[in-house]
Structure formats: C-alpha cells, structure tokens
Amino acid sequence: MGPSYVDDNPLQMVQRYFEGKNMEQLNINQLNQLERELDSILVYTRGRKTEAMMKSVSALHQKEQDLANENDLIEREISAIINSGNLASQHGLLAEDPGCAHPSPLDLFHF
C-alpha cells in the first residue's frame with residue numbers, strides 16, 4: 001500500500017502533486033481523496049472570494065450613500081446662498097452703487 005496523504009495539509013498535497021512528485025504512484029483511492037481535497041479547497045476559496053467581494057460591494061454602497069448625502073448638503077448650502085442673495089436684493093439691502101460690485105453666490109465656488 002502506498003503512502004497515506006490524509007494527514008497532510010491539503011495545500012502541501014496539491015503542491016506536491018502538481019510538482020509531479022508521486023502523482024504516478026497514487027492509486028484510485030488516493031486520487032479520489034485528492035479530488036475531495038481539491039474540491040474542498042476550491043469551495044473554501046470561492047467562499048472567501050465571495051466574502052471579500054461582498055465586503056467590497058458593501059463598502060462601495062456606503063461610499064455611494066456618503067457621497068449622495070454630501071451632495072445633498074452642498075446643494076442645500078448653494079440653494080440657501082442663492083436664496084439669501086435673492087432675499088437681500090428683493091428688500092433693497094444691496095447697494096445700488098454701480099461701482100460696488102457684488103459677487104454672485106456661485107462666484108464663491110470655483111468649478
């Protein structure tokens with residue numbers, strides 16, 4: 001009977017087999033065991049990959065929400081600035097002197 005590979009670390013088993021060592025010496029039972037181990041490793045790897053992708057997607061969704069909230073805040077601030085300028089001009093609070101230039105509220109932002 002050939003050597004037992006059941007107690008080996010699955011990754012070490014795979015490395016040894018793919019290096020071509022002892023591959024020809026494996027019997028059907030050992031090949032079946034190797035196939036189960038490879039299947040197990042593949043399932044674990046896919047699970048970890050899915051978990052990492054889900055974390056990434058979740059982080060991107062959070063970033064999207066944060067940016068949307070920030071955008072809403074900026075839009076409200078711009079609207080408030082524009083409205084306060086309109087309110088001031090409606091009540092004659094702005095100087096009528098043509099030499100006195102008042103910047104537009106949008107001039108405060110450098111796009």
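Student: What share of the 111 residues of the chain counts as buried, and what makes a residue buried?
Tutor: Of the 111 residues, 10% count as buried, a word that applies under 20% relative accessible area, with exposed meaning over 50% and partly exposed in between (1.4 Å probe, protein chains only). This is a predicted model, in which local features need pLDDT of at least 70 and side-chain atom pairs count only at pLDDT 80 or more, while totals for chains, interfaces and linings use all residues. Residues are numbered from 1 along each chain as its sequence is written, and side-chain values use heavy atoms, with hydrogens and water left out.

Student: Why is Gln33 called buried?
Tutor: Gln33 has a relative accessible area of 17%, and because buried means under 20%, Gln33 is buried.

Student: What makes the pair Gln33 and Arg36 a polar contact?
Tutor: The side chains of Gln33 and Arg36 are joined at 2.9 Å. A polar contact is a pair of N or O atoms within 3.5 Å, where within protein one must be able to donate a hydrogen and the other to accept it, and where residues adjacent in sequence count only if both atoms are side-chain atoms; the 2.9 Å pair is therefore called a polar contact.

Student: Which helix holds Gln33, and how many helices and strands does the chain have?
Tutor: Gln33 is found in helix α2, residues 28–90, and the chain comes to two helices and zero strands, where helices (H or I, at least four residues) and strands (E, at least two) are DSSP runs numbered from the N terminus.

Student: Why is the pairing of Glu51 and Arg48 called a salt bridge?
Tutor: Their side chains meet at 3.5 Å, N to O, and a salt bridge is a side-chain nitrogen of Lys or Arg within 4 Å of a carboxyl oxygen of Asp or Glu, so the pair qualifies. Side chains of opposite charge can pair when their charged atoms come close. Glu51 and Arg48 both lie in helix α2, three residues apart, about one turn of the helix.

Student: What does Glu51 form with Lys55?
Tutor: The side chains of Glu51 and Lys55 meet in a salt bridge at 3.7 Å, N to O. Salt bridges that share partners join Arg48, Glu51 and Lys55 into one network, and the structure holds two salt bridges.

Student: Which of Glu51, Arg48 and Lys55 are exposed or partly exposed?
Tutor: Glu51, at 37% relative accessible area, is partly exposed, and Arg48, at 43%, also counts as partly exposed, whereas Lys55 counts as exposed because 57% is over 50%.

Student: What is the average pLDDT of the chain?
Tutor: The chain averages a pLDDT of 77, and 61% of the residues score at least 70, where pLDDT is the predictor's confidence in each residue, from 0 to 100.
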